[in-house]
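Trainee: Could you walk me through this model? I would like to take it one piece at a time.

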Amino acid sequence: MNTAHLLNTASAVHPVEEGKPQDDARAFRRCLGQFATGIAIITTEFEGQPVGMAVNSFAAVSLDPALVLWSIRKESCSAQAFLSAQKYAVNILEESQTEVSRIFGAGRADKFEQVNWVSGLHGCPLIAPAIGHFECALEHVADGGDHHILIGRVLRFARFDGHPLLFTQGQYAVAQSHPSLLTPVAEQTLAPVQESSEMPLLSLLKATAQKLSGQFEEHREALGMTLATSRMFNALGDGVCTLDGLERTTYLGQSSTEDALNEMLANGYVTHADASGEYTLTASGQSKVEALRQRAMDFTSQKLKGLTAQEIATAKKVMDSLQTH
């Protein structure tokens with residue numbers, strides 16, 4: 001292998017953004033978002049009340065002894081509860097649980113009234129469904145800058161069938177087998193044709209959505225948009241919206257929604273009515289939406305070229321049916 005050639009090739013690739021973390025905290029956070037993580041709800045019981053929050057900092061530490069960790073902001077209103085309770089549970093979310101993630105990420109007072117849960121080994125709430133539970137005893141708290149790092153000893157675990165909900169590049173995602181792992185058609189052993197299940201169709205829809213989004217990226221870049229800001233433009237293009245409403249509509253996490261909104265405010269595309277807590281597009285922001293939607297229409301027309309009206313209508317009917325059931 002020609003190492004020099006690899007180094008020269010790598011040096012020719014220019015970063016989208018770079019710098020020092022202290023100079024641009026949001027850009028630093030976007031770079032951290034290049035590392036895909038799962039999403040977990042950490043729960044405990046404090047002074048007779050359930051406490052919980054969504055995190056993507058959960059990680060394994062050791063198999064023997066069985067240790068895991070996660071981190072919490074020192075300024076978090078839940079920090080005292082988790083530091084004092086000495087026990088906590090980790091609930092690993094399944095790919096369909098974006099709403100659960102949003103509920104526990106938004107700091108809602110009624111969060112435990114919005115989900116199903118049971119008390120675990122030491123009273124810590126276990127959310128159901130989930131694809132994994134870890135019930136832990138707090139082993140050590142380490143200083144992590146503006147965060148506490150909580151290391152826990154796993155006392156009991158439970159694994160359930162399902163696929164994980166992921167978070168990467170400021171948005172929710174799902175896991176799929178890498179294309180290189182798929183067996184070529186020529187090498188497959190022929191088997192009797194069986195009635196297809198729902199899962200292959202859902203996998204196809206997910207793969208198609210991801211591929212089309214990737215192909216549309218050049219159009220977003222031409223308009224100076226990211227995936228996050230394009231979703232925000234589309235949402236605000238339908239009318240005024242609160243911060244919570246934008247988070248629900250765009251399927252972005254809380255921090256990514258706030259980052260995108262701050263960027264749009266700084267560029268003069270959005271205005272904020274403090275009294276109502278609603279955000280609305282400015283005239284320049286509306287022009288951006290119109291340009292984005294025109295590009296989307298042209299892109300869609302190009303992709304649907306060659307399909308009959310009946311085929312398109314059937315596809316729409318299938319997708320509408322999946323969204324309403």
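Mentor: Gladly! Helices (H or I, at least four residues) and strands (E, at least two) are DSSP runs, numbered from the N terminus. This is a predicted model, in which local features need pLDDT of at least 70, side-chain atom pairs count only at pLDDT 80 or more, and totals for chains, interfaces and linings use all residues.

Trainee: Which element of the protein chain has the highest mean pLDDT?

Mentor: pLDDT is the predictor's confidence in each residue, from 0 to 100. The protein chain averages 84, and 88% of its residues score at least 70. Among the elements, helix α1 (residues 3-11) has the lowest mean, 52. The highest mean, 96, belongs to strand β6.

Trainee: Which elements each supply at least two residues of the lining of the largest cavity?

Mentor: On a 1 Å grid over the protein atoms alone, a cavity is a set of points where a 1.4 Å probe fits but cannot get out, a pocket is an open set with protein on both sides within 12 Å along at least five of seven lines, and lining residues have an atom within 4 Å of a point. The model has 1 cavity of 30 Å³ or more, with a volume of about 30 Å³ for the largest, taken as the space filled by probe spheres set on points joined across faces, edges and corners. Its lining consists of K87, Y88, L121, H122, C124, E135 and C136. At least two of the lining residues come from each of β6 and β9.

Trainee: How many charged residues are in the lining of the second largest pocket?

Mentor: This pocket has a volume of about 150 Å³, and its lining includes T37, G38, N56, F58, I92 and F134. Two or more of the lining residues come from each of β1 (37-38) and β9. Ala, Val, Leu, Ile, Met, Phe, Trp, Tyr, Cys and Pro count as nonpolar, Asp, Glu, Lys and Arg as charged, and the others, Gly among them, as polar. By class the lining has 7 nonpolar residues and 5 polar ones, and the number of charged residues is none.

Trainee: Is V154 buried or exposed?

Mentor: V154 is found in strand β10 (residues 147-159) and touches A66, V68, F134, E135 and C136, not counting residues up to four places away in sequence. V68 is 86 residues away along the chain, with 7.2 Å between the two C-alpha atoms. The cut-offs are under 20% relative accessible area for buried and over 50% for exposed, with partly exposed in between (1.4 Å probe, protein chains only). V154 has a relative accessible area of 17%, so V154 is buried.

Trainee: How many of the 8 residues of α4 are buried?

Mentor: One of the buried residues is T98, at 15% relative accessibility; apart from neighbours within four places in sequence, T98 is in contact with L165, Y172 and Y251. The cover over the buried residues of α4 includes β2 (40-46), β3 (49-55), β8 (125-127), β11, β12 and α8 (243-250). α4 is largely enclosed by the rest of the structure, because its buried residues number 6.

Trainee: Which strands stand at the edges of the open sheet of 3 strands?

Mentor: Two strands pair if DSSP finds at least two bridges between them. Here the order is β1-β11-β12, with antiparallel pairing: β1 and β11 are joined by 2 bridges, and β11 and β12 by 4. Each edge strand has a single partner, so one side of it is left without a neighbour in the sheet, and these strands are β1 and β12.

Trainee: Which residue in the turn between β11 and β12 has a positive phi?

Mentor: β11 and β12 form a hairpin with 2 residues between them, and T168 stands opposite Q171 in β12. The positive phi, about 50°, belongs to Q169.

Trainee: How many bridges pair β5 with β10?

Mentor: β5 also forms a hairpin with β4, with 4 residues between them, and A59 has L69 in β5 as its bridge partner. On the β10 side, L67 stands opposite R153. β5 and β10 pair in the antiparallel sense, and the number of bridges is 7.

Terms used:
Residues are numbered from 1 along each chain as its sequence is written. Side-chain values use heavy atoms; hydrogens and water are left out. Contact means heavy atoms within 4.5 Å.
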